[in-house]
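Here is a friendly walk through one protein model, with the annotated sites and some helix packing in view. Please have a look at the sequence and the fold before reading on.

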Amino acid sequence: MQLGVIGLGRMGQIVVDRTLEAGHDVVAFDLDAEAVATAADAGATAADSLEDLLERLGDEKRIWLMVPAGKAVDVTLEELEPHLDSDDVVIDGGNSYFEDSVRRAEACPAAYLDCGTSGGPASAEFGFSLMVGGPEWAYEECVPVFDVVATGPDGHERMGPAGSGHYVKMIHNGVEYALMQTYGEGFELLHEGRYDLDLENVASVWNNGAVIRSWLLELCEEAFREEGSDLGDVADRIEGGSTGTWTVQEALEQEVPLPLIYTALSERFGSRADDGRFSRRLANRLRYGFGRHEVPRRE
């Protein structure tokens, strides 16, 4: 099939590369001409504007947006919508707020799929986990691309109507916050405790058969291998927080207690006021592991 991709940052480029590798056609656009050139080098058809991209797509357009959540999505849709109709499909693969996705789905003349995307740049080789909301027919139309952008047929699923994909991804991120906090606290106690331990070795042993093994624990092992058991100059400052905030807000509205996720979110905000906790330094470094986010360092 033919796919238009708008937004060629780290995640958007992975969508392009994996789609091309499976033999599909890609038309690519980004405001950054260098990013467009990179996509063209990989085999995509380069578009020099949104209008150019639309002209190069067929009558039934399949467009994947991988632009930053928020205003950028709305601005892009405003430009696209006059050229779209009910036979077209738009996929929003960013971390949009689920209520924004519901609003956009109602306003968009095309079928709108909100696609929660997990795995980060580290999933370039194996594919993403995709949580999709929106019309079933539009989801089925895009399965050939979802199969290759995800880890395979088991790596994506339609969650339900509009908004459900980004809703599931929002709560996924809240769980991620709590898991990072838990690993951080455990390793902080090991670091400050009775024995002089090699934390890379501890993480390695835990990753081989232990109940708490996971990809995040593999990233802990990577962090200690590259930074040392004391995490070197990694700062006690954890960026991000929007999806965790949305998760806690939703829990308050639904009257569902989330003490672990709320505490993890509080720790993230607290990390910006002081520079003292090992657990928050590990969470800082873990964000680089799965998302290649910049690591704030101690001066």
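## Ground rules

Helices (H or I, at least four residues) and strands (E, at least two) are DSSP runs, numbered from the N terminus. This is a predicted model, in which local features need pLDDT of at least 70 and side-chain atom pairs count only at pLDDT 80 or more, while totals for chains, interfaces and linings use all residues. Residues are numbered from 1 along each chain as its sequence is written, and side-chain values use heavy atoms, with hydrogens and water left out.

## The active-site record

An unreviewed UniProt entry places the feature "active site" at Lys169 and Glu176. UniProt positions follow the numbering used here, feature names are shortened, and annotations may be inferred rather than shown by experiment. Lys169 lies in helix H8, residues 164-192, and Glu176 has its place in helix H8 too.

Are these residues buried or exposed? Lys169 counts as buried because its relative accessibility is 5%, and Glu176 counts as buried at 18%. Here buried means under 20% relative accessible area, exposed over 50%, and partly exposed in between, using a 1.4 Å probe and protein chains only. Not counting residues up to four places away in sequence, Lys169 touches Asn95, Gly116, Thr117, Ser118 and Met131; contact means heavy atoms within 4.5 Å.

## The binding-site record

For "binding site", the unreviewed UniProt entry lists Asn95, Ser118, Gly119, Gly120, His172, Asn173, Tyr177 and Arg268. Of these residues, Tyr177 and Arg268 are included in the lining of the largest cavity. A cavity is a set of points, on a 1 Å grid over the protein atoms alone, where a 1.4 Å probe fits but cannot get out, and lining residues have an atom within 4 Å of a point.

Where does Gly119 sit? Its place is in the loop between strand E6 (111-118) and strand E7 (129-133). Gly119 counts as buried, with 16% relative accessibility. Leaving aside neighbours within four places in sequence, Gly119 is in contact with Phe128, Trp215 and Phe290. His172 is found in helix H8 and is partly exposed, with a relative accessible area of 26%.

## Met11 in helix H1

Met11 has its place in helix H1, residues 10-21. Apart from its neighbours within four places in sequence, Met11 is in contact with Met66, Thr117, Gly120, Pro121 and Phe128. The C-alpha atoms of Met11 and Gly276 are separated by 33 Å, and these residues are 265 apart along the chain.

## How the helices pack

Two packed helices are described by the angle between their axes and the distance between the axes. Helix H9 (residues 199-206) packs with helix H10 (residues 215-227) at an angle of about 160°, with their axes 8 Å apart. That makes H9 roughly antiparallel to H10. The contact is made by Leu199, Glu200, Ala203, Ser204 and Trp206 of H9 and by Leu217, Glu221, Phe224 and Arg225 of H10. Axes are lines fitted to C-alpha atoms, for helices over the stretch in contact, and angles run from 0 to 180 degrees between N-to-C directions.

The axes of H10 and helix H13 (residues 278-291) come within 9 Å and cross at roughly 105°, and H10 and H13 are therefore roughly perpendicular to each other. Angles under 35 degrees count as roughly parallel, over 145 as roughly antiparallel, 65 to 115 as roughly perpendicular and the rest as oblique. Among the residues that meet here are Trp215, Leu216 and Phe224 in H10, and Phe278, Leu282 and Phe290 in H13.

Methods
On a 1 Å grid over the protein atoms alone, a cavity is a set of points where a 1.4 Å probe fits but cannot get out, and a pocket is an open set with protein on both sides within 12 Å along at least five of seven lines; lining residues have an atom within 4 Å of a point.
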